[in-house]
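Below are some notes on the model you asked me to look over. They are set out as numbered points, to be read alongside the coordinates.

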Amino acid sequence: MDKVFIEGLRTDAVIGVYDWERSIRQDLRLDLELAFDNRKPAASDDVADTLDYDAISRRLTAFVQASEFGLVETLAERCAALLIEEFGVTWLRLRLTKPGAVANAAGVGVIIERGTADPA
């Protein structure tokens, strides 16, 4: 299975369950792996045949910045659903990190996998 990845996509959002978190924007980081058969774009050398990681990055950034979820789990699920529905991704692994959310930790968050890894 081929994968397209987006590493370290930085954005911010209102996220958290505490009152003080609801009044500030917090930094977030997304790391994505997306199943995609790269043989066609490799053969054609045509960007129209690829999974457009720039469009995905822009759409996810806009979605996350407009969101106001309490849990990173909810935000991760919604991001995964967006990728599957809007970009036709059949499998993905998404890591959502909330840097500095816990003292003495670089970040906390979730890693989820959704979809079918090898759609044969």
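This is a predicted model: local features need pLDDT of at least 70, side-chain atom pairs count only at pLDDT 80 or more; totals for chains, interfaces and linings use all residues.

1. In soluble globular proteins, nonpolar side chains tend to be buried together. Here the largest nonpolar core comprises 27 residues, and those with the most contacts inside it are Leu 30, Leu 34, Leu 60, Leu 75, Leu 83, Leu 94 and Leu 96. At least two residues of this core come from each of β1 (3-13), β2, α2, α3 (72-87), β3 and β4, with α3 giving the largest share, 7 residues.

2. Leaving out residues up to four places away in sequence, Leu 96 touches Leu 28, Arg 29 and Leu 30, then Val 72, Leu 75 and Ala 76, and finally Val 108, Gly 109 and Val 110.

3. Arg 95, in strand β3. This residue counts as partly exposed, because its relative accessible area is 42%, a value between the limits of 20% and 50%. Apart from neighbours within four places in sequence, Arg 95 is in contact with Arg 29, Leu 30, Asp 31, Val 110 and Ile 111. The C-alpha atoms of Arg 95 and Gly 109 lie 7.3 Å apart, with the two residues 14 apart in sequence.

4. The second largest pocket. This pocket holds about 190 Å³ of space, and of the 14 residues that line it, Gly 16, Tyr 18, Glu 21, Lys 98 and Ala 101 are the closest to its centre. The lining is made up of 8 nonpolar, 3 polar and 3 charged residues.

5. Gln 26, in strand β2 (residues 26-35). Is this residue, Gln 26, buried or exposed? Gln 26 counts as buried because its relative accessibility is 11%, and the cut-off for that class is under 20%. The side chain of Gln 26 makes a polar contact, at 3.2 Å, with the side chain of Glu 21. Beyond four places in sequence, the residues in contact with Gln 26 are Thr 11, Asp 12, Ala 13, Ile 15, Glu 21 and Lys 98. Two of these names, Glu 21 and Lys 98, were also listed among the residues closest to the centre of the second largest pocket.

6. Ser 67, in the loop between α2 and α3. With a relative accessible area of 6%, Ser 67 is buried, and a polar atom of its side chain lies 2.7 Å from the backbone oxygen of Val 64. Neighbours within four places in sequence aside, Ser 67 is in contact with Ala 13, Val 14 and Leu 75. By contrast, the C-alpha atoms of Ser 67 and Asn 38 are separated by 32 Å, the two residues being 29 apart along the chain.

7. Positive phi values. Asp 45, which is not a glycine, has a positive phi of about 55° and lies in the loop between α1 (39-44) and α2 (53-66). Asn 104 likewise has a positive phi, near 70°, and its place is in the loop between β3 (91-99) and β4 (107-115). Asp 45 is exposed, because its relative accessible area is 71%, and Asn 104 is exposed too, at 87%, the class being defined as over 50%.

Note on methods: Residues are numbered from 1 along each chain as its sequence is written. Side-chain values use heavy atoms; hydrogens and water are left out. On a 1 Å grid over the protein atoms alone, a cavity is a set of points where a 1.4 Å probe fits but cannot get out, and a pocket is an open set with protein on both sides within 12 Å along at least five of seven lines; lining residues have an atom within 4 Å of a point. Grid points are joined across faces, edges and corners, and a volume is the space filled by probe spheres set on the points. Ala, Val, Leu, Ile, Met, Phe, Trp, Tyr, Cys and Pro count as nonpolar, Asp, Glu, Lys and Arg as charged, and the others, Gly among them, as polar. Helices (H or I, at least four residues) and strands (E, at least two) are DSSP runs, numbered from the N terminus. Buried means under 20% relative accessible area, exposed over 50%, partly exposed in between (1.4 Å probe, protein chains only). A polar contact is a pair of N or O atoms within 3.5 Å; within protein, one must be able to donate a hydrogen and the other to accept it, and residues adjacent in sequence count only if both atoms are side-chain atoms. Contact means heavy atoms within 4.5 Å. A nonpolar core is a set of buried Ala, Val, Leu, Ile, Met, Phe, Trp, Tyr and Cys residues joined through side-chain atoms within 4.5 Å.
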